[in-house]
Each structure stands twice: as structure tokens, then as C-alpha cells.
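This report is written for a reader who meets the structure for the first time.

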Amino acid sequence: MSTASPRLRKALLGSFAIIGATAFTLVGCSGGGGGGTSAPESFEFLKNSENTTTQPVLDALASGACATQNEALPLEFSSMPQAELDSQIQLLASQGGLPPVFSAGGNPAEGAKLADADVLVDFDSALTDLGVRDKIAPGAVSTIEKLYGGGFNFLPFQYNIEGIWYNTQIFEENGWEVPETWDELLTIADEAKAAGLTPLSASGEQGWPITRLLSTYIFRTLGPDAMQKVADGEAKLTDPEYVEAAAAIADLGAKGYFGDNVTSLDIDGSYNLFLTGQSPMIYMGSWILGNINSEDNQVGAENMSFFPFPAVEGGAGSIDQYPSNVGLPATFSKAAYSDDVSSWLGCIAENYGNEALEQGQITGFVTDVDADLPEISQKVADTIAESTDSVLWFEALFPAKASQISSTSAALLVTGQLTPEQFMTTVQDAIDNP
Amino acid sequence: MKAVLGDRKAIILLLTPALLVYTLIMLAPVLWSLGLTFFTGNPLMGFEFNGIDNFTRLFSDAAVWDAFWFTVRYAVLVTLLQVVLGYGLALLYNFVLRKSSVVVRTLVFFPVVLPTVAVSLLYQKVFQSAPEDGLVNELLVNVGLGSVDWLGAGGTAFVVIVIMDVWRSVGFYGILIFSGLLDIPDEVIESSRLDGASGFRLIRHIIIPMSLPILFASIIFSINGTIKVFDSVFALTGGGPGSSTTPLTLYMYRTAFQYSDYGYGSTIALLLTMMCLVVTLFIFRSSRRDVTA
């Protein structure tokens with residue numbers, strides 16, 4: 001402004017300088033956890049929208065076994081898409097505005113960050129104080145501790161094991177036996193392809209159904225601590241044994257075992273291929289029981305069963321190491337942990353397992369009733385009870401960036417757009433430079 | 001009136017509320033973000049000063065430069081198509097359709113008012129290939145060619161994104177440039193027609209030079225919008241298979257909010273700002289040259 005007086009210009013310049021300096025100091029002083037402990041007015045549960053299994057059980061508890069707790073502090077739900085959940089929870093945590101209960105830890109590294117920032121309730125001491133510590137299944141607790149940096153800060157509202165779900169009718173018609181080795185699985189897949197089926201249903205759009213195959217193959221060949229070694233830096237994904245595993249999975253894609261257009265197949269499409277009989281096999285976790293036992297299952301739940309991911313001959317792992325997880329768990333905010341909330345926690349620990357079982361769900365809470373489960377669900381429940389060692393999954397111990405890159409690049413691996421070396425290098429780079 | 005607006009103190013008094021709001025809402029966050037480029041961290045874990053580490057990382061990060069070139073390719077191609085096709089539409093409205101252009105104008109403008117996410121979902125279905133073929137693949141199969149997994153590879157996904165964004169916005173540019181063409185006096189067109197100019201020569205020698213201001217305005221609009229593309233790409237491919245359709249804005253968003261590094265995210269934002277600044281200055285410089293010529 002050539003017409004402005006020098007005084008005005010100096011004043012403007014001065015104020016801008018002050019603003020700039022303030023900005024720097026603001027940035028420097030901000031950060032760290034937020035304060036504020038006010039007792040919550042409702043038992044608010046912020047969950048991920050994709051979770052449809054926890055709400056019905058809690059609603060049943062609120063009108064049944066936990067009615068007194070619900071009177072004191074009414075149950076309320078709010079939801080958020082899973083993809084935005086982690087960043088939103090971090091934001092709330094930094095403002096001190098976390099709700100009493102919320103879903104978190106979809107990416108275990110991010111969940112561990114919340115635990116480190118000391119905003120979560122320590123369930124080990126909280127449940128012991130309430131006298132209900134033994135109501136959580138030890139297997140679930142050990143999975144949680146493996147995932148979230150050693151502490152028991154998340155609750156196993158779901159407890160899932162993973163393996164291959166198969167169509168018993170199609171297997172019988174073709175004379176296939178349940179495969180116990182990788183080579184037997186490949187033979188079946190080959191014959192299924194020749195018969196015009198999509199041998200293995202997997203969602204390339206989601207990515208993780210493919211990387212699950214990769215990690216379980218790695219655990220079978222290199223032993224159950226193979227991914228922990230990568231997380232600790234003792235091994236790299238670019239080591240030849242790991243690349244060989246990626247090559248084995250890429251090979252499945254090259255032979256067409258995932259069908260055409262696997263890259264764009266979304267999770268519902270993938271489920272449908274299995275539930276309508278176009279695919280004889282699908283690798284999935286036991287949350288698929290909900291779909292199998294529903295009316296959408298055109299094949300019929302009685303024509304479906306489950307076998308563990310086969311062993312690889314000469315590998316260091318064994319077939320009874322089941323990949324297991326606790327889904328996207330929920331946790332309690334330390335700042336909002338009032339007496340009413342604590343009372344709710346005790347009631348949930350005692351009754352959630354039973355109520356969920358009656359609704360056909362298998363959780364990490366101990367049950368003491370015998371429910372009439374469908375045969376396939378009973379088989380899963382028995383397998384969980386008998387399993388001695390569990391393994392995690394590919395992205396379990398990765399930081400957020402590596403997890404993102406791994407799931408978005410998985411489909412490229414099986415369609416040949418990335419070579420196994422390139423895929424492993426990209427993911428390893430993201431692990432090294434988060 | 002002149003007494004009020006002539007008095008400097010009155011001006012400052014009247015401007016201060018708006019200036020205050022503008023400073024707080026627009027300038028302060030920009031400066032804050034600028035400050036963040038020298039830090040690393042996020043609100044939960046706190047911020048740590050790390051000097052120019054973010055900048056050295058920026059220059060060696062392959063992902064940033066992939067995203068940068070994707071943004072450049074997208075911006076150039078979509079701007080070109082938007083302005084050229086918009087110009088063609090405007091000529092159509094002005095010279096061919098004239099009075100009856102109202103209906104066509106409205107229909108072509110309609111996609112502009114649709115929400116970008118809705119359009120992205122629409123195109124996902126139209127170009128679908130799994131579990132069943134969408135419209136485009138059905139067409140290809142019926143003609144005898146095979147179906148294509150459009151959103152399955154970076155190259156074809158880019159084609160879909162460009163088609164989608166051009167379809168959605170070409171109506172706007174048509175109307176914008178049409179308003180500029182209306183300003184051309186009819187006598188000039190008449191007299192040049194009498195002199196024997198017609199069709200392409202008329203367009204090239206008379207109409208384009210006279211509509212240059214509006215053309216520059218639409219190019220600026222278009223480039224600014226396309227460099228900052230986010231929602232349509234995010235809703236259609238989420239960054240594409242791998243990161244092959246990730247523009248700079250999406251990479252910046254991911255870095256800051258998903259990978260929890262606000263510092264590095266701010267550095268990428270600075271890169272984006274510099275890019276927009278350079279492009280805008282370049283266009284202003286060339287437009288100024290024209291006006292004084």
C-alpha cells in the first residue's frame with residue numbers, strides 16, 4: 001500500500017511479528033495430555049460404526065443384569081467410522097475429553113501410545129479391586145498384553161481366532177479332504193479353479209485378508225515369533241525367508257486362485273462369494289460366524305466348517321498356533337473413571353460373557369452357562385478353549401504408516417503389480433521411517 | 001459519507017472486527033502451521049523441536065515427490081480439459097443454441113451441485129468390476145472387449161478420476177466463460193463476419209482475444225481447485241491401489257492425522273502452499289503482460 005503512512009505500515013509489521021512470535025511459543029508450549037476430571041453424566045460408549053456386535057449385548061445388560069448401574073448412569077452410544085477413530089481419539093485425549101468407554105487400538109501401535117500417555121484404566125488393578133479379575137480369559141489377556149506393549153489396558157469384547165472356513169458340500173462333491181499341509185491346499189485350489197470356482201475369496205480392497213495369509217504363512221515357516229523379531233529390529237521383512245513367503249502368496253494370485261478383479265473386491269463382496277457358494281474357501285476370523293449363522297447364508301450353516309491354516313512342510317511353526325485377535329477392543333478413560341463407571345465395569349465383567357454367548361458371540365470374558373450354539377460356533381468355542389499358543393497378524397506390531405501401506409499394497413502384490421521384493425521393501429521402509 | 005470514509009480512524013474502527021476475525025481464523029492457524037514445520041509430534045504426545053529435519057526429510061521422501069507429480073499431472077490435465085471443454089460449451093451456448101441454451105445449460109450444470117462424495121460413489125459403481133461388472137464394463141464386454149479392473153491399477157484409476165472430475169465441473173466453466181462471451185459486443189462479431197471471418201478463424205482471431213480476461217480467470221479458478229483436490233479422490237479410491245492415486249493433500253492429511261506427525265504434515269502443507277503461490281504468480285504475470293500489450 002503505497003498510500004499508507006510509514007507509521008501505519010510499521011504498526012502492521014509490528015503486529016504481524018508479534019503474531020508470528022506468539023505462534024511459535026504457542027506451538028512450543030502446547031501438547032501433552034489434557035486435564036480435567038469431571039464425573040460423566042452418562043455411560044457414553046464411543047464405538048466404531050462397523051462394530052455391530054457389542055451394542056446389542058450391552059443393551060441387553062442395561063435392561064437386565066446391570067439395570068441398577070443403568071439407573072445411576074444411563075448407557076449411551078455414539079459411533080464413528082473406524083478409519084477416523086484413532087485420530088479422533090488422540091484429539092479427544094489431548095483435550096481431556098475422552099468419553100467413559102471408547103473403542104480404540106484398531107492399530108495396536110496407536111493403542112499402545114494411548115496406554116503410554118496414561119489416559120487408560122489399568123484393568124489388572126481395577127478388576128482385582130472389583131474382585132472380578134478371573135472373569136477375563138487368560139488367553140485373551142495374553143493376546144492383549146502381546147499387542148499393546150505389555151499392559152492390560154483393553155477389554156476383549158471380542159475374541160477371535162482365524163483360519164480357513166470352507167464349504168463342506170463342495171468339498172464332498174469333489175472328494176477333497178481337509179488339507180493339513182500347504183501343498184495339499186494348493187492342490188485343492190487348483191482343482192477348484194479348474195471346476196470354475198473362485199478357490200479362495202479375499203478382499204483386495206481391504207488388503208488385510210491377503211496380508212493375513214502372508215503373516216500366517218510366515219508364522220508357519222519361521223515360527224511364532226517371526227513378526228516380533230521384525231518389530232524388534234532383529235529381522236527385516238527384506239530378508240530372503242520373508243520375501244519367499246511373499247512370493248508364495250503372490251503365486252496364489254498369479255495362478256488366479258483369488259479370481260479376477262481381486263483388487264476391487266470389497267469385504268461384503270468377498271463374504272458373498274463364500275456365502276453363495278461361488279468360493280469354497282475363505283480365510284477369515286471367527287467374527288464371520290455372525291454372517292454364517294444369519295439368513296444371508298445361502299449355502300446353509302450346516303454345510304460350513306472350519307480348518308486351521310495348514311502347516312508348511314519343514315517349517316518352524318505348527319498347525320495349532322492359531323492367529324487370534326481381540327477385534328477392535330474397547331477401553332475405559334482414566335479421567336472419567338468415576339464410582340458409577342467402576343460399578344458398570346464390575347457388572348460387565350461378570351455378565352458380558354454369558355449374555356454374549358446367548359447371542360451367539362464368543363468373547364474374551366469367561367462364561368459359566370451352557371448355551372445352545374450352532375455346531376460351527378461350538379467347534380470354534382472348543383478350538384479356542386483348547387488352543388495353547390496364539391500368533392498375531394502381519395500389521396499387528398507395525399506403526400500406523402506401515403500398517404496403511406501394507407493394506408493398500410497387498411492387492412498389488414497378488415496382481416503382480418509389485419514384486420515380492422518391492423512389496424516387502426516398501427513395507428520395511430515404512431517401518432523404518434514411520 | 002465521504003467524511004466517514006475519509007477519516008482514517010473511522011476506517012480502522014470499521015475494519016477492526018472483520019480483520020480480527022480474519023486474523024484469528026485464517027492467519028493465526030497458518031502461522032501456527034508454519035511454526036509446526038520446525039517441530040515433530042502430535043497433541044497427544046507433545047511436540048519436540050527438531051530444527052530443519054522435516055525439510056531435509058521432505059526433499060528425500062520419495063512418497064512426497066510421487067504425490068507431487070501426481071498432483072501436477074492431475075492439475076494440468078483436468079485444468080486443460082475443464083477450460084477447453086468449458087470454452088467449447090460456452091461457444092455452443094452463445095453461437096449455436098442461443099435462446100434455447102437455457103435447458104442445456106441447466107442440465108450440464110447439474111452435476112456441479114452434486115456432493116463430490118455422492119459423485120465418487122456413483123462412479124465407483126459405474127466403473128465397477130467386482131463382484132459384478134458395472135455399466136462401463138458391461139458395455140466393453142458387449143462390444144467384444146474384455147472387462148477392465150478400472151480402480152485396480154494406478155493408470156486406469158487416474159483415467160476414472162479425470163473423467164469424473166471433468167464431468168462434474170465442466171458445466172460450471174461453461175457458464176463462467178459463457179458470461180465472458182456475452183460481453184463481446186455483437187457489432188464486433190457482425191463486422192468481422194462481414195469482413196469474411198467465419199468459424200475457426202472467427203474464434204481464433206476475434207473471440208479468444210476478446211475473452212482473454214475471463215479465460216485467465218477460469219484457468220486460475222481451475223488450477224487452484226485442482227491442485228488442492230482431496231474429497232473426490234479420497235472418496236473414489238482412498239489414495240488408489242497402493243499410493244498410486246495419492247495427491248499431495250491426501251498424503252499431507254494422512255501424515256498429520258493418521259501417522260500422527262503434525263510437524264511433517266505441516267511441512268508438506270508448506271510445499272503445497274508454495275506450489276499454489278508459484279502457479280498463481282506465474283498466471284498473474286502472464287495475464288498482466290497481456291493487458292498492457
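In this predicted model, 34% of the 293 residues of chain B count as buried. Contacts in chain B between residues at least 6 apart in sequence join residues at least 24 apart in 67% of cases.

The secondary structure of chain B consists of 14 helices and 2 strands. Chain B has a radius of gyration of 24 Å, whereas the globule rule gives 19 Å for 293 residues; the value is well over that figure, so chain B is more spread out than a compact globule. Along the principal axes, the C-alpha atoms of chain B fill a box of roughly 75 × 75 × 30 Å.

**Contact between the chains**

Chain B contributes 32 residues to its contact with chain A, and chain A contributes 34 residues. On the side of chain B that touches chain A, two or more residues come from each of helix 2 (8-36), strand 1 (39-42), strand 2 (46-49) and helix 13 (248-258) of chain B. Helix 2 of chain B gives the most to this side, namely 7 residues. Divided by class, the side of chain B that touches chain A holds 18 nonpolar, 12 polar and 2 charged residues.

Two packed helices are described by the angle between their axes and the distance between the axes.

| Helix pair | Angle | Distance between axes |
|---|---|---|
| Helix 12 (residues 240-254) of chain A and helix 18 (residues 420-432) of chain A | about 125 degrees | 8 Å |
| Helix 6 (residues 123-130) of chain A and helix 15 (residues 339-358) of chain A | about 85 degrees | 10 Å |

At about 125 degrees, helix 12 of chain A is oblique to helix 18 of chain A. The crossing of helix 12 of chain A with helix 18 of chain A is right-handed. Helix 12 of chain A takes part through Tyr242(A), Val243(A), Ala246(A), Ala247(A) and Ala250(A), and helix 18 of chain A through Pro420(A), Glu421(A), Phe423(A) and Met424(A). Of the residues in this contact of helix 12 with helix 18 of chain A, 8 are nonpolar, none is polar and 1 is charged.

Helix 6 of chain A and helix 15 of chain A are roughly perpendicular to each other. Their contact involves Ala126(A), Leu127(A) and Leu130(A) of helix 6 of chain A, together with Ser342(A), Leu345(A), Gly346(A) and Ala349(A) of helix 15 of chain A. The contact of helix 6 with helix 15 of chain A has 5 nonpolar, 2 polar and no charged residues.

How values were computed
Residues are numbered from 1 along each chain as its sequence is written. Chains are lettered from A and ligands numbered from 1 in the order in which they are written. This is a predicted model: local features need pLDDT of at least 70, side-chain atom pairs count only at pLDDT 80 or more; totals for chains, interfaces and linings use all residues. Two residues are in contact if their C-beta atoms, placed from the backbone, lie within 7 Å. Helices (H or I, at least four residues) and strands (E, at least two) are DSSP runs, numbered from the N terminus. Ala, Val, Leu, Ile, Met, Phe, Trp, Tyr, Cys and Pro count as nonpolar, Asp, Glu, Lys and Arg as charged, and the others, Gly among them, as polar. The radius of gyration is taken over C-alpha atoms; the globule rule is 2.2 Å times the number of residues to the power 0.38. A residue is buried if 20 or more other C-beta atoms lie within 10 Å of its own, exposed if 12 or fewer, and partly exposed in between; C-beta atoms are placed from the backbone. Axes are lines fitted to C-alpha atoms, for helices over the stretch in contact, and angles run from 0 to 180 degrees between N-to-C directions. Angles under 35 degrees count as roughly parallel, over 145 as roughly antiparallel, 65 to 115 as roughly perpendicular and the rest as oblique. A crossing is left-handed if the near helix is turned anticlockwise from the far one by less than a right angle, and right-handed if clockwise.
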